[in-house]
Amino acid sequence: MAACGVGIGRRPHVILSNLRCVYQNLSLENWLLQNWNFAKSDCLLVYRNKPCVVIGRFQNPWREVNVAEAQQKGIDIARRVSGGGTVYHDLGNVNFSFFTDKPSHCPAKNLTFLSDTLNQWADLGLKTNKRHDMSIGEAKVTGSASRIIRTGSFHHCTLLVTSSLSSLSSVLHGDPHITTSIATASVPSPVTNLASHSCDVIVTPGHVISHVTSSYLARYDVHFPEPELPWTPEQDTAGEVMVVDELPGVADEPDHKTWGWVFGRTPKFTRSFGDGVEVVVDKGIVVEVSDRSLKEVVGTRFNQTTIQQMLYFN
C-alpha cells in the first residue's frame, strides 16, 4: 500500500450523523475508532454540532476558553480524544473524520482532497499548509487533529462554512491570569467562512457535505448521480452511506460530558489573583494556595469566581 494513497481493494463508507450534540458525536467518533474494521474498509464520518467549544486532549479549558461566558450563553465545552488546539463548532461548521488503517493515515492527503474538491466546485482559493490546516489567503477555515491507536486511526478537521465568527471570537479567549501551565496552547489565527469567498455558487453546509461525500466515494471508484439536498439514504445507489439518528449500544467511554473528562484532565497550572496571591490547580482541583484565607478551597474544584469573592470579602 502506497503511503498517503487510497487503499487498494478497500471499501469506502460514509456515515452522516444527524446528532447535533457535541458529546454524542465525539462519543460516536471514539466508538468508531475502537470498533471499526480497519482491515477491510475506510470510513468518512460527517457531523455538525450546536454551538460548542472543543479543546484538545492535553489542553487547559480555563486557558483556552472564556468559561463563564460560554456557560452563560449555553455553549458546551468538550474535550476530545485527539491532541491539537481549541476550535469552535456551530451548525455553520462541518466536521469531517477520516478513518483508515495506520499505514494509510495521512492528514495531508485528506486536506488536499478537501481543498481540491471544494476548489473545483466553487473556486474558493483554498490552500493547505504544513500545520495540516486549510486557509483562504491568510485566514484559516479549518482546525485539524489526529488520533492513532494500535488497530487504526482517524484524522478529523473542522470546516467553517457559515459559522458565527462573532460567537467564535467571544468565547475563544481564556484567562490571561494563568501564569504557568504545561498544557498544550492553541496558536491564535485569523479565520474566515467559505461562504464569504464564493462569487458564482451558493455555499452552505449541506452543499459542502453533498460534494465532499460524493467525491470521497468516487476516489474508490464508487459513483452515483450527484444527490439532491437534503441527502437521504435512498439516494445512495452504491449502498455505502449510513445516516445516524441515535446511539443505541454505542459505548460512551470516555464520557465526554463529565466534569472529570472536560475539566478533570487539565494539566497542572497556576492562577494569579494579584497582590501575590496564587492558586495551584492540578486535574481541576485546587492543591495549593498562597493566602491562608483561601485554605477552604484546597481540595475543591477550581472556580475562579468563588476565589475572587472570598478574597473580596476577606
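I began at Val-53, which stands opposite Tyr-88 in strand S5. I took strands as DSSP runs of E with at least two residues and helices as runs of H or I with at least four, numbered from the N terminus.

I noted that this is a predicted model, in which local features need pLDDT of at least 70, side-chain atom pairs count only at pLDDT 80 or more, and totals for chains, interfaces and linings use all residues. Residues are numbered from 1 along each chain as its sequence is written, and side-chain values use heavy atoms, with hydrogens and water left out.

I next looked up the pairing of S3 (residues 52–55) with S5, which is antiparallel over three bridges; two strands pair if DSSP finds at least two bridges between them.

I then traced the sheet: three strands form an open sheet with mixed pairing, in the order S4-S3-S5. Strands S4 (76–79) and S5 (87–89) are its edges, each pairing on one side only. Neighbouring strands are turned by 25° against each other on average, direction ignored. Axes are lines fitted to C-alpha atoms, for helices over the stretch in contact (heavy atoms within 4.5 Å), and angles run from 0 to 180 degrees between N-to-C directions.

I found helix H1 (residues 22–35) lying across S3 and S4, at about 15° to S4.

Thr-184 and Ile-55 are 129 residues apart in sequence and 9.9 Å apart in space, C-alpha to C-alpha. Beyond its neighbours within four places in sequence, Thr-184 contacts Phe-58, Gln-59, Glu-64 and Gly-84.
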